[in-house]
Amino acid sequence: MKNNEFVTKWVIDTVKEKYADDIALVISHTTLRIDDSEPAISYFVPITKRGNELARTFILNGEGFDVWGIPWERLEQFAELEEYNITVLADSEILYAKDDEWAQRFEMLKARQRSNLADVSKMRGCALKAYAQAKELYTEMLFTKRSDIRMLAGYVLDYLARAIAFSHHIYFTKSQTAQLAELQQLDKAGKVPEGFCELYVSVIKENDEIKQREKCHKAIQMVREYLEEVYPDNTLREHNYQDLADWYAELSYTWLRLRHYAAAGDFVKVYMWGIVLQSELNSVCEDFCLEKPELMECYDYGNLDVFISRADELEKWIRKEIEAGGGVIHEYDSKEDFLNENA
């Protein structure tokens with residue numbers, strides 16, 4: 001008898017003998033196992049505090065097992081697509097049920113999950129949330145190094161891929177582990193941004209930390225543009241980029257300060273206002289998942305023209321980002337224009 005067969009039989013027998021009133025269901029979920037061809041115990045559903053006592057983690061003949069309990073309340077979160085591995089409920093199978101009522105409740109929960117997967121508004125929210133999570137993970141990449149860089153790069157890819165899948169009302173049956181194969185099938189059907197699968201592999205192959213970050217940033221931009229096509233009302237940018245426009249309107253005076261003090265040769269004030277602008281750029285680029293620009297590295301008290309030239313480049317760049325994102329910079333060429341708009 002195989003290890004998984006032995007453990008599955010032991011769990012079911014133990015439930016029947018010792019936990020008949022404490023555990024409602026024993027469930028098989030095999031899509032994340034190395035051998036997913038045969039049903040095997042994955043988790044159980046306790047209905048009393050005592051039922052949780054069945055949980056076991058152990059190694060049998062070199063093979064690890066995690067027999068864990070999922071309370072009904074958490075299963076409902078899976079049904080509402082609020083848990084990471086949707087497959088845990090979607091691709092599960094009942095091995096044992098306390099009675100027909102519990103079996104029916106479980107199947108109804110799976111039906112509810114399928115209904116949510118078909119819901120346009122629900123899946124739109126899931127797609128945008130996954131995209132936002134990818135951006136947050138990318139931000140973490142900017143402040144870490146070594147193994148964490150590669151770990152976070154993998155999760156950036158994972159959540160971007162999830163955003164793509166959710167936009168088509170599907171999920172990954174094997175989570176992130178066989179994600180690429182499922183993505184490639186979607187790609188054949190024209191449901192993946194052009195070049196994304198190749199970029200996905202390129203990120204994984206990349207050994208240089210800086211280049212890996214750059215490729216993750218490119219992947220984020222690619223998926224953002226793709227989602228804007230899927231959801232053409234511009235939800236991804238509409239409010240955020242107006243915030244960026246308002247930020248720029250406030251900070252534009254700092255660029256004027258830098259040019260003024262540079263013309264006067266006041267290298268101290270140029271330096272101090274320069275660090276203010278660098279700090280602001282760092283913060284706003286983190287919020288908007290933009291590449292962190294280098295301004296202060298160009299500072300040379302003996303050659304302020306180079307520094308001001310870099311500051312001017314960054315001002316043009318940030319204005320271009322605002323325009324691309326749909327933000328509106330409130331600026332006027334004359335006092336009359338201002339009065340006319342604000343009458």
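# A walk through the predicted model

Hi everyone, let's start with a pair of helices. Helix α2 (residues 72-79) and helix α4 (residues 100-118) have axes that come within 8 Å and cross at roughly 30°. Because angles under 35 degrees count as roughly parallel, over 145 as roughly antiparallel, 65 to 115 as roughly perpendicular and the rest as oblique, α2 is roughly parallel to α4. On the α2 side, the contact is made by Trp 72, Leu 75, Glu 76, Phe 78 and Ala 79. On the α4 side, Trp 102, Arg 105, Phe 106, Leu 109, Arg 112, Gln 113 and Asn 116 take part. These residues divide into seven nonpolar, two polar and three charged.

A few words on terms. Helices (H or I, at least four residues) and strands (E, at least two) are DSSP runs, numbered from the N terminus. Axes are lines fitted to C-alpha atoms, for helices over the stretch in contact, with angles from 0 to 180 degrees between N-to-C directions. Contact means heavy atoms within 4.5 Å. Ala, Val, Leu, Ile, Met, Phe, Trp, Tyr, Cys and Pro count as nonpolar, Asp, Glu, Lys and Arg as charged, and the others, Gly among them, as polar.

Please keep in mind that this is a predicted model: local features need pLDDT of at least 70, side-chain atom pairs count only at pLDDT 80 or more, and totals for chains, interfaces and linings use all residues. Residues are numbered from 1 along each chain as its sequence is written, and side-chain values use heavy atoms, with hydrogens and water left out.

Now to the inside. A nonpolar core is a set of buried Ala, Val, Leu, Ile, Met, Phe, Trp, Tyr and Cys residues joined through side-chain atoms within 4.5 Å. Buried means under 20% relative accessible area, exposed over 50%, and partly exposed in between, with a 1.4 Å probe and protein chains only. The largest nonpolar core has 44 residues, and Met 141, Val 156, Leu 160, Phe 166, Leu 183, Phe 196 and Val 223 touch the most other members. Which helices each supply at least two residues of this core? They are α5 (120-141), α6 (147-167), α7 (179-188), α8 (196-205) and α9 (209-230). Helix α6 gives the most, with twelve residues.

Take Leu 160 as an example. Leaving aside neighbours within four places in sequence, Leu 160 is in contact with Tyr 131, Ala 134, Phe 196, Ala 219, Ile 220 and Val 223. There is also a second, separate core of 27 residues, which includes Tyr 299, Ile 308, Ile 318 and Ile 329.

While we are on helix α9, have a look at His 217, which has its place there. His 217 counts as buried, at 13% relative accessibility. Neighbours within four places aside, His 217 is in contact with Tyr 138, Cys 289, Leu 290 and Glu 291.

On to charges. A salt bridge is a side-chain nitrogen of Lys or Arg within 4 Å of a carboxyl oxygen of Asp or Glu, and the count comes to eleven. In one of them, the side chains of Glu 83 and Arg 74 meet at 3.0 Å, N to O. Glu 83 is buried, with a relative accessible area of 15%, whereas Arg 74 is partly exposed at 32%.

Another joins Asp 312 to Arg 259, with the closest N and O atoms 2.6 Å apart. Where do the two partners of this pair sit? Asp 312 is in helix α12 (residues 304-325) and Arg 259 in helix α10 (residues 240-263), 53 residues apart, so the pair links distant parts of the chain. Both are partly exposed: Asp 312 at 24% and Arg 259 at 28%.

Arg 319 forms a salt bridge with Glu 331, again with closest N and O atoms 2.6 Å apart. Arg 319 lies in helix α12 and Glu 331 in the loop between α12 and α13 (335-341), so the pair ties together parts twelve residues apart in sequence. Finally, Glu 80, Arg 112 and Lys 122 are linked in a network of salt bridges.

Last stop, the backbone. Most residues other than glycine have a negative phi. Asn 61, not a glycine, has a positive phi of about 50°. Asn 61 is found in the loop between β3 and β4 (63-69) and is exposed, at 69% relative accessible area. Arg 146 has a positive phi too, near 55°. Arg 146 lies in the loop between α5 and α6 and is exposed, at 63%.
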